[in-house]
Amino acid sequence: MPFLDKLQLWAEERPHDTAVVVGSSRLTWAGLRDAAAGLLGDATATTVLAEPNSVGFVERYTAAVAGERRCAVLDPEWPVPMIEDVSSRVAGPVPELTTPVDAVLLDGDPSSTFLIGLTSGTTSVPKAFTRSRRSWQVSFEASIEFFGLSQDDRTLAPGPLSASLNLYALSECLYAGAAFHTLDSFDVGDAHAAISHDGITRLVLAPTALRLLSERGLAGDVDASGIRSIICAGSKLDARTLEAARRWAPSAAIFEYYGASELSFVSGTRLAAGEPLDAGGTGIGLPFPGVELSILDDAGKHLPDGEHGNISVRSGMVSNGYLWGDDGQALRCLDGWYTVGDQGFLDNGTLHILGRRSDMIVTSGKNVYPHEVELAVASVPGVDVAVAAGAPDDIRGQKVIAGVVPAYGAVTATQLRTGLDGLLARDKWPLQYFLLAELPMTDRGKVSRKVLLDWIKNHDPRAQPLG
């Protein structure tokens with residue numbers, strides 16, 4: 001893992017400075033180095049971590065990637081049978097260690113595998129891919145440059161370390177020599193307390209968490225003026241979240257980026273304090289440092305600006321591929337360009353994301369991506385979140401429908417149609433709207449268009465038609 005050589009350096013130069021804070025527990029640079037080194041005798045070739053946030057997690061993770069060891073980090077909230085299944089698959093067979101088990105806490109060969117990542121698939125067992133030490137070192141250099149991370153920063157990533165967004169933020173800070181803060185478990189009050197009392201300068205979180213912290217921070221008069229940067233990933237920011245974040249943390253630059261577990265960073269954008277958001281738009285910035293970006297058709301042909309196709313990259317950050325779960329489509333290589341099948345287009349260098357081809361709605365012979373519809377509908381005043389899908393239709397083949405969760409009070413279909421004017425081409429507008437009592441979710445906690453269609457088909461009271 002490419003932060004261990006750096007960890008040794010920070011432990012020598014700044015032994016008593018704070019390296020990691022989890023809740024009320026703290027590790028110095030020397031303390032983390034010594035604790036992880038003390039675990040090396042028990043560290044096996046492959047370690048599986050499936051546990052909540054703690055300083056012990058950080059110590060075990062650090063030891064688990066020393067030398068040429070490798071680590072798999074699983075969500076502790078998964079069902080026990082799934083954790084056991086994935087753990088048994090990960091455990092063997094594995095390459096023999098080329099360094100002694102009591103080796104010093106240093107990085108192994110850059111080309112060797114250090115991390116086994118898990119990503120959801122169409123089956124009940126997540127797909128597993130691997131990453132080399134070199135791929136994350138390249139990623140660190142790129143993200144530190146793009147986000148402007150310095151040793152003076154104190155980063156708060158309040159979510160679970162089992163999530164790739166937060167695990168990467170931890171590792172990035174260890175590489176950069178910057179203090180990393182997280183919580184025992186996500187709690188708005190605890191996050192606000194950390195921001196107020198720990199001098200947090202940088203937030204790394206999903207848009208939903210940013211909205212919670214911002215809106216409740218404004219209501220509770222929590223001072224966020226010291227935050228200099230906010231980094232969001234997972235979905236595009238909506239106008240309501242951005243407005244709340246702007247008011248709560250007025251000095252912060254807000255970064256959005258697009259990436260994929262198998263590709264790492266692809267593109268990103270920086271919104272300086274006060275800079276307006278492209279509400280309802282699909283643009284997600286320019287190529288990330290070190291990334292070549294192109295739109296290719298299925299034969300590998302490069303498409304011109306404005307034409308939709310496979311978002312494809314060439315970079316040193318791409319993963320090695322899959323241990324299992326590869327269906328030949330999840331990660332494809334087209335003449336040296338890698339894609340996970342996300343669809344988009346380029347406009348003067350800016351990447352626009354439309355979503356997965358499998359989600360595409362074909363209505364009256366026209367292709368409509370629900371992601372584009374959702375961004376536009378969610379930007380209409382009075383809408384908290386929107387989910388779009390293609391429902392069967394005898395005349396059109398499919399028709400575009402949308403479910404909405406109101407931000408406050410009531411919302412009507414007329415308000416939604418009026419609000420879409422200028423945000424979305426009229427032939428992509430939903431033909432029917434539904435008022436949602438809650439988001440349609442899978443058992444694994446992901447928003448599901450299929451669940452929405454099932455609710456509508458079965459007249460579920462959680463999805464009521466809007467006139």
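This is a predicted model: local features need pLDDT of at least 70, side-chain atom pairs count only at pLDDT 80 or more; totals for chains, interfaces and linings use all residues.
Let me begin with Gln-343, which is buried, its relative accessible area being 3%, where buried means under 20% relative accessible area, exposed means over 50% and partly exposed lies in between, computed with a 1.4 Å probe on protein chains only. Residues are numbered from 1 along each chain as its sequence is written, and side-chain values use heavy atoms, with hydrogens and water left out.

Gln-343 lies in strand S19, residues 342-347; helices (H or I, at least four residues) and strands (E, at least two) are DSSP runs, numbered from the N terminus. The side chain of Gln-343 makes a polar contact of 2.8 Å with the side chain of Asn-310, and a polar atom of that Gln-343 side chain lies 3.1 Å from the backbone oxygen of Gly-341. By polar contact I mean a pair of N or O atoms within 3.5 Å, where within protein one must be able to donate a hydrogen and the other to accept it, and where residues adjacent in sequence count only if both atoms are side-chain atoms. Leaving out residues up to four places away in sequence, Gln-343 touches, among others, Ile-311, His-352, Arg-356 and Tyr-369, contact being heavy atoms within 4.5 Å.

Thr-47, in strand S3 (residues 46-49), counts as buried at 16% relative accessibility, and, not counting residues up to four places away in sequence, Thr-47 touches Ala-64, Arg-70, Cys-71 and Ala-72. Leu-183 sits in the loop between strand S8 (179-182) and helix H7 (188-197), and is buried with a relative accessible area of 5%. Leaving aside neighbours within four places in sequence, the contacts of Leu-183 are Val-22, Gly-23, Asn-53, Pro-158, Asp-190 and Ala-191.

Now to the cores. Where are the most contacts found inside the largest nonpolar core? That core has 75 residues, and those with the most contacts inside it are Val-20, Val-58, Tyr-61 and Leu-351; helix H6 (residues 164-176) gives the most to it, with nine residues. A second, separate core of 25 residues includes Val-188, Ile-230, Cys-232 and Leu-242. A nonpolar core here is a set of buried Ala, Val, Leu, Ile, Met, Phe, Trp, Tyr and Cys residues joined through side-chain atoms within 4.5 Å.

Four strands form an open sheet in the order S23-S24-S25-S26, with mixed pairing, two strands being paired if DSSP finds at least two bridges between them. Its edge strands are S23 (383-393) and S26 (463-466), each of which pairs on one side only, and the twist averages 30 degrees from one strand to the next. Strand S25 (residues 432-436) runs antiparallel to S26 and is joined to it by four bridges, with Phe-434 standing opposite Pro-465 in S26.

Helix H11 (residues 413-420) packs on this sheet, touching S23, S24 (397-406), S25 and S26, and its direction makes about 120 degrees with that of S25; the axes are lines fitted to C-alpha atoms, for helices over the stretch in contact, and angles run from 0 to 180 degrees between N-to-C directions. Which residues of H11 are buried? They are Ala-413, Leu-416 and Leu-420, and seen down the axis they fall within an arc of 60 degrees, so they line one face of H11; the arc is that of the directions from the helix axis to the C-beta atoms. In general, an α-helix has 3.6 residues a turn, so residues three or four places apart point the same way. On the other side of H11, Thr-414 and Thr-418 are exposed, and H11 is followed by Gly-422, whose phi is positive, near 90 degrees.

In helix H12 (residues 449-457), Val-451, Leu-452 and Trp-455 are buried, and they cover an arc of only 105 degrees around the axis, which puts them on the same side of H12. What covers them includes S23, S24, S25 and S26, whereas the face turned away from the buried side carries the exposed residues Lys-450 and Lys-457.
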